[in-house]
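Reader: I'm new to reading structures and would like a close look at one part. Could you pick a spot and walk me through what sits around it?

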Amino acid sequence: MENLRRELISSIMIACQEREVDVTEDFISFLLTLFQLNPIYEIKVDDEENNEKIIQAIVEKICDQERPSLTILKSQLYFAKHYHDRDETVKRHRLRLHQKTGPLVAEICQTEKLANKQESEKLYHKMLVVITFLSGLGNPTVSSVLKEVSVALQSVFQPSELEQYVKMSKREKEEQLMELMCIVAGIRLFNRDNQRGGEGIDDLPAILQKATKKTRDCIMEFLERLMTKIYKFTAAIEKICLIRKLIPLGVYTIENVNWAAEMLTACRQQEIYVRKLLSDVERSEKEIQNYMERLQGRLFKLHDTVRYRTAIPTVQVYPQFIDLADIWMGLQDEVIILSGINNFFWELQTLSAKTVNAYNEPLLTDMLSNEEVLTDAERLEQSMGEPIRECGECTIYHPNETKDFENINLEFLGFCAWKFVSEHGALIPGNPNNGIVKWRGKYYVFCSILAAQQFGQDPDRYIYEALDYIRNHVEYVYLFQVHDDVRALQTQEVLSEEGPQLKTCQHQMVQTDLHILPPSIDKNYSSNLWELRNRALHLATISRCTTRSTQTYKSNFRYGIYVQAAPPRNKEVQTRRDNYMNTKKLLTYIFGLRGRRDDNQHVLSFLEDELEHL
């Protein structure tokens with residue numbers, strides 16, 4: 001099936017190129033996935049005619065470049081591929097940054113020996129480049145920037161310490177390099193605040209404040225123009241709903257009516273994306289304000305720490321430098337986020353430049369004639385005071401009687417469900433203040449009491465007719481986020497008059513308190529048939545063998561040995577005591593001093609203890 005899908009994508013691309021229409025493989029795959037939600041366009045392996053019908057339908061959709069519905073689909077695909085939340089945007093940027101410095105960092109960490117002073121200088125220079133690049137404080141190719149980084153690094157890490165650095169493990173080297181980067185960045189930022197350095201460091205707080213204001217103003221200006229357009233198209237669609245039975249009538253041809261409905265859908269889709277970008281900008285403004293307050297507080301504490309002191313313990317100042325660098329990196333992340341918002345906003349305008357932004361305004365004016373154009377707020381205010389009291393078997397929730405009423409997730413983005421079905425895709429805002437209708441676990445709003453009453457007569461049929469309309473107009477699938485619901489409808493090609501036959505699916509969980517039988521795991525179990533045959537043959541071979549017993553030499557003398565382990569106990573140990581030592585006294589005598597006949601006098605020497613027995 002996957003090979004057949006690739007063949008279809010290739011055939012569609014060739015057909016579009018023959019008509020001189022540029023299209024990407026991703027967009028064709030996106031359309032093919034959406035078309036497959038409809039059983040009419042289901043891919044079949046052995047049905048060439050059916051597959052050709054799918055190719056023809058998608059090619060016709062792509063080649064009609066002037067239709068707003070194609071712009072909606074392109075915007076949806078671009079949003080799905082390129083829009084990321086804040087954390088993901090920062091993560092991707094940091095990953096690209098580390099990929100660029102990865103080879104140089106690996107070269108530093110893989111150095112295990114320094115043969116001479118020249119190699120030591122090269123390694124130190126590489127560390128300077130990596131620290132400058134990763135901190136984002138200046139260009140490492142500028143000599144003045146590199147000199148300032150060198151002075152800051154030498155204050156915390158001397159070149160003579162490289163001998164000890166290269167002996168560390170790879171992981172320890174990377175960790176110390178990142179720590180040095182943060183400390184050096186903090187020192188340079190502190191010196192910049194003291195106006196004694198900061199070469200190549202941009203004034204991020206001022207730049208970000210100016211950039212956020214300009215971005216927000218541009219988005220707000222675009223949103224105001226877009227909402228004016230939406231109000232006009234909504235008024236035109238409301239007028240079309242009133243004269244639906246008379247169409248075609250004058251300017252209200254079927255083609256023009258479809259164009260107005262698609263234009264309103266395209267504008268509403270664009271509104272969703274623009275409001276999301278505006279929300280991101282507002283969050284960035286709050287984060288930037290928070291970072292600036294932290295930055296001022298950290299600099300104040302650093303000044304207070306180093307004031308009137310010539311020597312400061314590293315334990316007091318290094319963590320503050322690291323925190324200062326972390327705050328500045330947070331501001332750098334906000335630059336990346338704002339850049340992503342501006343790029344996405346520009347691409348969104350480019351995608352809709354030829355259709356949504358440059359629309360046929362005279363035709364819209366003729367369709368409106370003297371019709372009053374209301375804003376969404378004015379339309380809600382006009383329908384206030386008419387609460388829904390009856391809606392068949394559906395449950396009705398009112399704002400004053402329901403907890404967390406504002407947090408209820410509405411189907412069809414809060415547009416009237418009955419109008420969408422009965423008027424073939426009309427997006428008329430519903431009024432939740434008049435009541436929210438619940439049916440089969442989902443919540444719906446309506447633009448009037450009549451619409452709610454009509455829906456309540458047969459809610460299942462209206463819901464499934466809406467899903468059937470959506471699968472035939474695939475641009476609504478991701479607009480309303482009903483991909484799973486439409487896929488569940490995939491088993492039914494056409495809705496019958498008796499009503500929908502769709503099976504309702506829901507997740508169920510069953511918990512057993514106690515298993516009947518105790519768990520048993522056979523370690524020798526095998527599901528392999530050949531393994532079982534091998535075991536059977538082995539057993540058959542053993543059955544034909546004779547078992548013999550052999551007595552080894554003196555094996556009867558073997559016996560078991562038991563070891564008694566004594567429990568440990570506390571014992572006291574007396575160390576030897578210091579004592580004094582007395583030298584033995586030497587006694588000296590002269591033998592024959594009183595006179596001898598032979599006159600043989602000599603000296604005799606004795607120790608004192610040798611005479612104790614006398």
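Author: Let's look at one residue, Phe321, and then at some helices. A quick heads-up: this is a predicted model, where local features need pLDDT of at least 70, side-chain atom pairs count only at pLDDT 80 or more, and totals for chains, interfaces and linings use all residues. Residues are numbered from 1 along each chain as its sequence is written, and side-chain values use heavy atoms, with hydrogens and water left out.

Phe321 sits in helix H12, residues 314-351 (helices are DSSP runs of H or I with at least four residues, numbered from the N terminus). Its relative accessibility is 8%, so Phe321 counts as buried (under 20% relative accessible area, with a 1.4 Å probe and protein chains only). Leaving aside residues up to four places away in sequence, Phe321 touches Cys182, Ile183, Gly186, Ile187, Phe190 and Leu302 (contact means heavy atoms within 4.5 Å). Take Ile183: Phe321 is 138 residues from Ile183 along the chain, yet their C-alpha atoms are separated by 5.3 Å.

Now for helix H9, which covers residues 170-193. With 24 residues at 1.5 Å a residue, H9 should span 34 Å (1.5 Å times one less than the number of residues), and its end C-alpha atoms are 35 Å apart, which agrees. Just after H9, Gln195 takes a positive phi of about 60 degrees.

Elsewhere, H6 (residues 117-135) packs against H7 (residues 143-154) at about 105 degrees, their axes 10 Å apart (axes are lines fitted to C-alpha atoms over the stretch in contact, and angles run from 0 to 180 degrees between N-to-C directions). H6 and H7 are therefore roughly perpendicular (65 to 115 degrees).

Methods:
Helices (H or I, at least four residues) and strands (E, at least two) are DSSP runs, numbered from the N terminus. Angles under 35 degrees count as roughly parallel, over 145 as roughly antiparallel, 65 to 115 as roughly perpendicular and the rest as oblique. Buried means under 20% relative accessible area, exposed over 50%, partly exposed in between (1.4 Å probe, protein chains only).
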